[in-house]
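Dear colleague,

Please find the structure below, handed over for your study.

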Amino acid sequence: MTDKSGSSCLTSTVGVACLFLLLANTATSQTKTAEWLDELNRMEREADQARDAFWCGHYEEAERQFASLTGSVHPSVILYLNECAMCKFALGDYPAAEERLRQVDSLLNTYYSDEREKRAMSAFGAEAEKVYRGDPYEQAATYLLLALVLIDRGDYDNALAACKSGILADSDAAENLFDSDIALLHALEAKCYQLRGEEEPFRSRRDAAAKSVRLTSASVREDFSRRQDLLELLKMSRKERRQVGEERKDDEIRDEIQNLSDKLDRNIAAIDAMELLGPLYSGEFNVLVLVPSGRCVDKTRTGADAEMVVFRQHVIPCEGPELYLDVQPLDSVRCLPVGVDLEFQAMTRGGRRMDAILRGKAASRATTRGVGHAITEVGSNVGGFVGLGVALVGGAVQGAAGSMTAEADTRCWQTLPREFHTYALRLAPGNHEVIGAHYLYFQKRETFQRRFTLTDEHDMATVVVPPPPYELYFRHDELRLSKRDRTGIEDASTLLIPPPTGLNEIIRVSVADGNTKQEAIAPDPKRFMRSIQKVLAEKGLACALVSHEEVIASRRELADQHKHALQCHFVEIVREGDKKAGSYRAKLTFALIDAKTGEVVASHTTEGVSADVSSGPSTALYSCIESATQAFLRHTDIRTLSSVPAK
Amino acid sequence: MAKSSSLFLLCVNICLVGSGCYSPKPIPATYFDPAPEMAVTIGKCPEAAQMRDSGQGGLIGAMVTAGRANKMKEAMEGIIGDTVKELVRQKFEAAIEDYFDVYEAGRLQTVIDIEQWGWYLPTTVAGIKTGSYQFTVAGTVTVTDIEAKKQKNKIATCKIVASESIGDKPTADASREALLKCADAFATQAVTFLTKERPGVAH
């Protein structure tokens, strides 16, 4: 009896101990995972600052910040190496960019197969679940950029390998459902063959480029995507179809596929891909200039429970840079009609838009405040491509806000442009130079320069131009200006006032006293501009407001019609003291620009003060703007400088 | 979750509607051609964010909610009534500009009263969370014609509730994003309703 109870007691004790150890182990593992997520989120916050610096044109600062995140091997290192490489491209340091991209290639190879990934995971531990490898479009972009650098320094064998890796990353290698549709990768692959003197593969690869152009042409995208959707529908079970609200029978779907296919065949046949590719098809080029345009999508979460990962589009239009090749303007007419549409690549798989079936059912497509949302694959990019089936049945990931949780991941390559415009040129051997500058409204920014030498007929060079200063523009809905705002715009001497730069939709008020309650402002660009206009009008200076869209679309025409523009950059707003005896101080930089040359005629940073604390920070901001404008006018004799007549 | 959110929105609507004699009224068709100038201002708006839960009167729930509210205030990083007011005004102006020219003063005066803004959390009586945090903005939009007779100068009114999920553990970024979406949704809903009598729209 005693023995029995002793043994039972021992068994219970061991059982309890085991249970305790099991629970403790689970708890420790969960704690560890949470710690790693915190660490990865911390790094993402730092990377966000670097991204802001990058899109404001501060490439060295951005590179330094990204580089500090790539010092050790961690689950996000591939992402930051990619972003670091983009900074190096913007700085014109191609060898350093190559080094970063080669590191990415090496790391991607580590996780190439499940087995290798498992081995890597054993070294990483719990955090390995969050290893970022990038979506197919991101991997393809890595190899595209690497191929460009390698071609530039004459390493055509490795460039060919990079092109093939990019094509493989963008294809469905597992089920061979589709081939990469990035035409430039195929065209570069063809060019590498041509440079190696292999005519047969050159011809076959350029045909692949032509096929990609046809399939991704704007005139067939929609129908192609719809056909892919319908093909996927046919594969789904009845239950899965019900889940996406699909009631049609197989025969009906097949009929629609047939109709679509006929229409597609006709439309595809009408596309002259060879004409669109131009020198990229004939291979008659030895210089490739890639000009970034806009900002590529990033990821965010949406849905009733913030459970779905979606792409967020950056749709604010930006002006392309002014480019010169050997002192002659590089006319945009010479830009090829086909470029690399990374946004399209991000939101499609094999030409199929990821939100097509989910639209209006499992997910909504909303457009708010100048950004649009489009549903992406539901889930994270951990481990690469997530099966279409998962997205189709709306397998929502239970996630929470923040950059990343154990289940949902919004990390993505955020320093990619929305599109690369392409110039394929044929130049004579010798020394050449591409110089250019971006414009921030009327102001010409720092000039960039890229010199290269073509040693002989078979030598090749590539140039990647820095991106536009996207983040300096205020992301806002289209600014609609009234007749009053534009009074006198037809007069050549009227000063033009474009929207302010350096603002966000919500800006924080810096509080001098640490104990004071924090405040934030939602600045109104129109009210901002009107405050400046009001002061100028009081001083008798004729001025008219111009919207972002207007300047981006017709800067040259406006510059031909007007002599000067007055631009304002928001620096900061600080609150001092309390409600009884306090004040707000806003710092603004004004720049009087010669509209034709883009040169700064006069620039001065002034401070506007408002002692009206009780009315709130928004009222104070506009009061500060007026006071800062007055200070600028006191400091700068704008009338003499711009010869603006009195009203 | 969806059920409790809908329930909450319904409750808010009932509260708003129940607080007085209310019947929504769009801007009459005569005001669209020619369209007079309009001024948009914000009337009342709570200075600080409000935290609400499903509640159902539970004491434990109220205590837990109070603790959660403090954490949420930290997550908002300075967003105050003034920020919300200015944002809603801008979004409304941008949306109504399709139909009216908006200036500082005008024959039509639109006043947006924001009755509540902040978070809602679906919970059980005991305060146990049953869904994600929601950011909400609720208020009334009133349009007055200053040239009309005093008794008949209130030409349009509507009550709007906009809500956006901010996840289980809201951060400053998520709250800011939700505020922007809510302000946008509030403005879109209000303008869609107010302008539904315009000529050319099927009623």
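How many residues does helix H10 of chain A have, and how far does it reach from its first C-alpha to its last? Helix H10 (residues 218-235) has 18 residues and reaches 27 Å, close to the 26 Å expected at 1.5 Å a residue; the expected span is 1.5 Å times one less than the number of residues. Helices (H or I, at least four residues) and strands (E, at least two) are DSSP runs, numbered from the N terminus.

This is a predicted model, in which local features need pLDDT of at least 70 and side-chain atom pairs count only at pLDDT 80 or more, while totals for chains, interfaces and linings use all residues. Residues are numbered from 1 along each chain as its sequence is written, and chains are lettered from A and ligands numbered from 1 in the order in which they are written. The model scores ipTM 0.77 and pTM 0.81.

Among the buried residues of H10(A) are A:Val220, A:Phe224 and A:Leu230. A residue is buried if 20 or more other C-beta atoms, placed from the backbone, lie within 10 Å of its own, exposed if 12 or fewer, and partly exposed in between.

A:Pro466 lies in the loop between strand S14 (461-464) and strand S15 (495-497) of chain A. A:Pro466 is buried because 24 other C-beta atoms lie within 10 Å.

In chain B, strand S1 (residues 38-42) has a covered face of B:Met38, B:Val40 and B:Ile42, and an uncovered one of B:Ala39 and B:Thr41. In a regular strand the side chains alternate between the two faces of the sheet.

With kind regards
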